[in-house]
Amino acid sequence: MTKTKPKTLKIDGSTGEGGGQIIRTALSLSMLTGTPMEITNIRAGRAKSGLMRQHLMCVQASQQISNATVTGAVLGSASFRFTPNTIQSGNYTFDIGSAGSTSLVLQTLLPALLFANTEQSIYSTVTIKGGTHNTLAPTTDFLQQAFVPALAKLGMHVGIECVQAGFAPIGGGMIKATITPFMRRANTPPLQLTKRGELIGIELAANTLNLEYDICKRELASAKASLVESGIDETLITTHSHKLQGIGEGNSCYAQVTHEVSDIQNHKEHHSEVFTLLGEKRSSAEKIGNRLSGLVKRYVFNTDSLVDEYLTDQLLLPVALAGGGEFTARVVSKHAETQAWLIQQFLPVEIKLTVIDEQKNLVQVVC
């Protein structure tokens, strides 16, 4: 009996937010479900439309790990077709060839490799060269301190190492991810990140790459002073800084804010949100530190939600793949709405985004 080929899913790349996220998520879902797809109107709303180098790397890397047939994917393409085959776990290395975001390439491959060869329990490693600290993309710090712990709550185990830092315009960074195949246990309760408990701690960190180390100290002092002035207990705030290894120059800082959270069985757990900023040539270290504290204060004082904007975007697909769950979000961006729409094109899931309290910036996300 001949097996019927799955129908090609046609995706309009200008839908919703209309950016590169549609390409990355569609590739992930195409590989996971074995669904051939055709994307048209790629990044149609952007000043420079079509596939950029970073997006092309996502396509080529996805092609390699799933032995896919690809047509039409070249720099500047407005459309391409992607027909996946079997996902293969293994040891992979990809070089973006620019300062493009290593995080975004990894997030394209991660869902597929979590479900590769699950019967054989073979680890996969993915080494990606490019930018590790980019504007408009999650930094490696964000992945390590926020995204990976959130995945662990779903039973998905990933390790990410920043081998070498890379900032625009030179890049030259490298990350290495180790991915354990995901096996969903029948008795695993769904994710519940709904009720925020007390503030456990705020960790402030600053890093420099081939720049004066004093920048870190000034950023941290400024951020800490601002937080203490706002009424946050000084004993809850810790600071640390280091010098990064790599070529080029750069500076980044982040705040990891940890709250207690109670689940249905009233088990006490912790949840961390991470807020990141990159140093700017025209902004003083003190100004960057102040801006970082502003992000923390908005989250601590202006919302009762547990999950902030960027982690909301990135949690939707893992939660859908892990069997569903529920969390409270501060805001649902156009990015998240587009992500929810796209997931529902490929998977038999329903994702509801409901504003519970506008004044408290509280949105319920149920998958």
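Me: Is phenylalanine 94 buried or exposed?

Reply: Start with the cut-offs: under 20% relative accessible area is buried, over 50% is exposed, and anything in between is partly exposed (1.4 Å probe, protein chains only). Phenylalanine 94 has a relative accessible area of 3%, so it is buried. Keep in mind that this is a predicted model, where local features need pLDDT of at least 70, side-chain atom pairs count only at pLDDT 80 or more, and totals for chains, interfaces and linings use all residues. Residues are numbered from 1 along each chain as its sequence is written, and side-chain values use heavy atoms, with hydrogens and water left out.

Me: How many aromatic pairs are there?

Reply: The general idea first: rings of Phe, Tyr and Trp (its six-membered ring) pair if their centres lie within 6.5 Å, and planes under 30 degrees apart are stacked, over 60 edge-to-face, the rest tilted. That rule gives 3 aromatic pairs here. One of them joins tyrosine 92 and phenylalanine 94: the ring centres are 6.0 Å apart and the planes meet at 10°, so this pair is stacked. Tyrosine 92 is buried as well, with a relative accessible area of 9%.

Me: Which residues form an edge-to-face pair?

Reply: Phenylalanine 115 and phenylalanine 182 do, at 5.5 Å centre to centre with 65° between the planes. For the elements around them, helices (H or I, at least four residues) and strands (E, at least two) are DSSP runs, numbered from the N terminus. Phenylalanine 115 sits in the loop between helix 3 (102–114) and strand 6 (124–130), while phenylalanine 182 sits in the loop between strand 8 (173–179) and strand 9 (191–193), so the pair links distant parts of the chain, 67 residues apart.

Me: Where does phenylalanine 182 lie in relation to the second largest pocket?

Reply: A pocket comes from a 1 Å grid over the protein atoms alone: it is an open set of points where a 1.4 Å probe fits, with protein on both sides within 12 Å along at least five of seven lines, and lining residues have an atom within 4 Å of a point. Phenylalanine 182 is among the residues nearest the centre of the second largest pocket, along with Leu154, Gly155, Met183 and Arg184, out of 16 lining residues. The lining splits into 8 nonpolar, 5 polar and 3 charged residues (nonpolar is Ala, Val, Leu, Ile, Met, Phe, Trp, Tyr, Cys and Pro; charged is Asp, Glu, Lys and Arg; the others, Gly among them, are polar).

Me: Which ring does the charged end of arginine 196 sit over?

Reply: The test is NZ of Lys or CZ of Arg within 6 Å of the ring centre and within 35 degrees of the ring normal. Arginine 196 sits over the ring of tyrosine 299, 4.4 Å from its centre. Lysine 243 sits over the ring of tyrosine 213, at 5.3 Å.

Me: What about the backbone: which peptide bond is cis?

Reply: The one from alanine 168 to proline 169, with omega near 5°. Proline 169 lies in the loop between strand 7 (158–164) and strand 8. Another backbone feature to look for is a positive phi in a residue that is not a glycine, as in asparagine 67, at about 50°. Asparagine 67 is in the loop between helix 2 (53–66) and strand 3 (69–71), and counts as exposed at 54%.
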